[in-house]
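The structure comes first, and my notes follow.

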Amino acid sequence: EQGRAGSGVLLLPDHKNGTPLPLVVTSYRCRGFLRGGMSELASEHQLVQRGFATLCINHNNASGLDVGSQDQAMTLAPHKALLASLQTIIARLAADGVIDRERVGIAGHSFSAMVATYAISHTDLFRAAIIGGGIALDPETLMFKQAFADNWGAQALRVLGVPLPGQDPDGKWNEISPARNARRISAPLLIQTPEVEYLDTLPLFAAINAAGGVTDMFVYPGEAHSVSREPVHQLWRNRRSIDWFSFWLRDEDRRTAETADEFHYWIRLRKER
């Protein structure tokens, strides 16, 4: 609807009966062998083996060039542009009978994690979600980023198109923050964060719990942003993601001896919330 071209990769399982499929969306970078869009978070190929359709959408970098009337970055311009692409293609696939509109999930890491958390707190597109690291959309996270210095925190303000939280007369932070809109989140959210970023997920994790929503968090020790130091962490992040989407979108309980505790907790969350 914003007039930009979009591209992506749609994978479908061997599907004989023609009924609409549950869908998991990944995004940001869909080059080469698909590994979950960005970071090895939710393997498209393994999701297909579980009976999901998967769709990896490339981010159109031109959307980050949008500016407002005062030549300032528009608030969440690239995030909203990617979300518009997701809304368009999901509607098309549902209209074509390929996917079940009521069983769509989203997985995101880095930039895509912010898109995912904005999407579940500002739309009803998704029925389950996973993020692979910290986000910068909640103002409380700036306390951990030292936004007064010329570092990532200061850059984040410019990229997001928002002011310092204490200098926000228009209430932009209240509008965009997933944590401050937690009561609108109905999608169960799994947070699988590296140790270096877990503080950036705590405001949202706590807000969802306080609002009576469904969320779970795993922190991977010794890991930085890409969660690429320990292969066993990549293995478990991916395995846990597949199980999460299977549980919430396909109502499947595939517990093993190693995963029995988390499935027991997820069943309790579903009953309680």
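Does Glu-262 count as buried or exposed? I looked this up in what is a predicted model, and at 8% relative accessibility Glu-262 counts as buried, because the cut-off for that class is under 20%.

I then turned to the partner of this residue: Arg-240 forms a salt bridge with Glu-262, and the closest N and O atoms are 3.1 Å apart. The pair links distant parts of the chain, with Arg-240 in helix H7 and Glu-262 in helix H8, 22 residues apart. Arg-240 is buried too, at a relative accessible area of 9%.

I next checked Arg-239, which forms a salt bridge with Glu-258, the closest N and O atoms being 3.1 Å apart. Here Arg-239 sits in helix H7 (residues 231–250), whereas Glu-258 lies in the loop between H7 and helix H8 (260–272). Arg-239 is partly exposed at 26%, and Glu-258 is exposed at 56%.

For the loop between E5 and H4, I noted that Glu-140 there is paired with Arg-180 in the loop between helix H5 (172–176) and strand E6 (189–194); the closest N and O atoms of this salt bridge are 3.4 Å apart. Met-143 lies in the loop between strand E5 (128–131) and helix H4 (152–160), and Met-143 belongs to a nonpolar surface patch that also includes Phe-144 and Tyr-198.

Last, I looked at helices H2 (residues 77–95) and H3 (residues 111–122), which pack at an angle of about 70 degrees with their axes 10 Å apart, so H2 is roughly perpendicular to H3. I recorded their crossing as right-handed.

Conventions
Residues are numbered from 1 along each chain as its sequence is written. This is a predicted model: local features need pLDDT of at least 70, side-chain atom pairs count only at pLDDT 80 or more; totals for chains, interfaces and linings use all residues. Side-chain values use heavy atoms; hydrogens and water are left out. Patches are made of residues with over 30% relative accessible area and no salt bridge: like charges are joined within 9 Å, nonpolar side chains (Val, Leu, Ile, Met, Phe, Trp, Tyr) within 5 Å. Accessible areas come from the Shrake-Rupley method with a 1.4 Å probe; for residues, only the protein chains shown count as cover. A salt bridge is a side-chain nitrogen of Lys or Arg within 4 Å of a carboxyl oxygen of Asp or Glu. Helices (H or I, at least four residues) and strands (E, at least two) are DSSP runs, numbered from the N terminus. Axes are lines fitted to C-alpha atoms, for helices over the stretch in contact, and angles run from 0 to 180 degrees between N-to-C directions. Angles under 35 degrees count as roughly parallel, over 145 as roughly antiparallel, 65 to 115 as roughly perpendicular and the rest as oblique. A crossing is left-handed if the near helix is turned anticlockwise from the far one by less than a right angle, and right-handed if clockwise. Buried means under 20% relative accessible area, exposed over 50%, partly exposed in between (1.4 Å probe, protein chains only).
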